[in-house]
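Try each one before reading on.

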Amino acid sequence: MIRIGKADDNDFVINEAYVSRYHAKLNRDENGTLFLEDMNSTNGTFVNGDRIMKKKIGSSDVVMLGEHYILNIAEVLKYDNDYSEEFAALKSVYTTYIKEKIRIQSSNQFKTRLFQSLPFAVIGVAGLIIGFAGKGNQGVLIASLLLAICAPTAGVYLGAKQSAKIPELLQNIANQFKIDYVCPKCGTFLGELPWESLANKKQCPVSSCKAKWVRK
């Protein structure tokens, strides 16, 4: 429970003329649902323009205390170091990163093998041409010999060139991942640990942060 009002012993203190000393309280049930309850305030508590005594609220609701003060629910939740919603959003960041990493590796492996194998296939086709053209055709024999020498070399070069792209592509997504996959409070990079493993920790391990990632 988070107590909201003007008095100093509230959990979330608001120094505004139309806010009562003990104006409202915010509760979260075991399913994570938020409920806002008025504490018999003088000027009332409003959700989306309607005066309420107790009401389930979400992030899109507009909450007003009295006639003027708009209550930022996200800020209220931070009083208790609660960053569970922001941490939950990191799950998609991790999933997207892993999928993109696998896609880059698989795609480049396929292209590398294709470039390395294609020249040998070309040589096989050339062999068939020689068979049809006849062994006595010196020009075809010379062309086939040059192809047999040059084609594998070209394949090795193209395959190596394609392989060289992988580290750069992986580094690019890793750099962005290091920016996005951080503690929502202190900004510490969370490494490549799966999101589920971090969720089991329930809070940031940085001693000066201890942001709550998962509501207990």
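The questions below concern a predicted model.

Q: Which elements give two or more residues to the largest nonpolar core?
A: This core has 21 residues. Among those that touch the most other members are F87, Y181, C183 and W213. The elements that supply two or more residues are α2 (84-133), α3 (138-180) and α4 (195-201).

Q: Are the rings of Y94 and F177 stacked, tilted or edge-to-face?
A: A pair of aromatic rings is described by the distance of the centres and the angle of the planes. For Y94 and F177, the centres are 6.3 Å apart and the planes are at 55°. Planes under 30 degrees apart count as stacked and over 60 as edge-to-face. The angle falls between those limits, so the pair is tilted.

Q: How many residues apart in the chain are Y94 and F177?
A: Y94 belongs to helix α2, and F177 belongs to helix α3. The pair links distant parts of the chain. Their separation is 83 residues.

Q: Is Y94 buried or exposed?
A: The cut-off for buried is under 20% relative accessible area. Y94 has 13% relative accessibility. That is under the cut-off, so Y94 counts as buried.

Q: Which parts of the structure does the pair of Y94 and Y181 tie together?
A: The ring centres of Y94 and Y181 are 5.6 Å apart, with planes at 35°, so this pair is tilted. The two residues are 87 apart in sequence. The pair ties together helix α2 and the loop between α3 and α4.

Q: What is the relative accessibility of Y181?
A: Y181 touches L90, V93 and Y94, among others. Its contacts also include W195 and L198. Y181 counts as buried, and its relative accessibility is 0%.

Q: Which residue's backbone oxygen lies 2.9 Å from a polar atom of the Y181 side chain?
A: Y181 sits in the loop between α3 and α4. A polar atom of its side chain has a backbone oxygen 2.9 Å away. That oxygen belongs to L193.

Q: Which residues form one aromatic cluster?
A: The whole structure holds seven aromatic pairs. Y94 pairs with F177, and Y94 also pairs with Y181. The cluster is made of Y94, Y97, F177, Y181 and F189.

Q: Which residues make up the uncovered face of strand β4?
A: Strand β4 covers residues 34-38. Its covered face has L34, L36 and D38. The uncovered face has F35 and E37.

Q: How many bridges join β4 to strand β7?
A: Strand β4 pairs with β3 in the antiparallel sense over five bridges. There, N27 stands opposite F35. Strand β7 (residues 54-57) also runs antiparallel to β4, and L36 stands opposite K55. The bridges between β4 and β7 number four.

Q: Where does the charged end of K54 sit?
A: The charged end of K54 is 5.8 Å from a ring centre. The charged end sits over the ring of F35.

Note on methods:
Residues are numbered from 1 along each chain as its sequence is written. This is a predicted model: local features need pLDDT of at least 70, side-chain atom pairs count only at pLDDT 80 or more; totals for chains, interfaces and linings use all residues. Side-chain values use heavy atoms; hydrogens and water are left out. A nonpolar core is a set of buried Ala, Val, Leu, Ile, Met, Phe, Trp, Tyr and Cys residues joined through side-chain atoms within 4.5 Å. Buried means under 20% relative accessible area, exposed over 50%, partly exposed in between (1.4 Å probe, protein chains only). Rings of Phe, Tyr and Trp (its six-membered ring) pair if their centres lie within 6.5 Å; planes under 30 degrees apart count as stacked, over 60 as edge-to-face and the rest as tilted. A charge sits over a ring if NZ of Lys or CZ of Arg is within 6 Å of the ring centre and within 35 degrees of the ring normal. Two strands pair if DSSP finds at least two bridges between them. Contact means heavy atoms within 4.5 Å. A polar contact is a pair of N or O atoms within 3.5 Å; within protein, one must be able to donate a hydrogen and the other to accept it, and residues adjacent in sequence count only if both atoms are side-chain atoms. Lists of a residue's contacts leave out its neighbours within four places in sequence.
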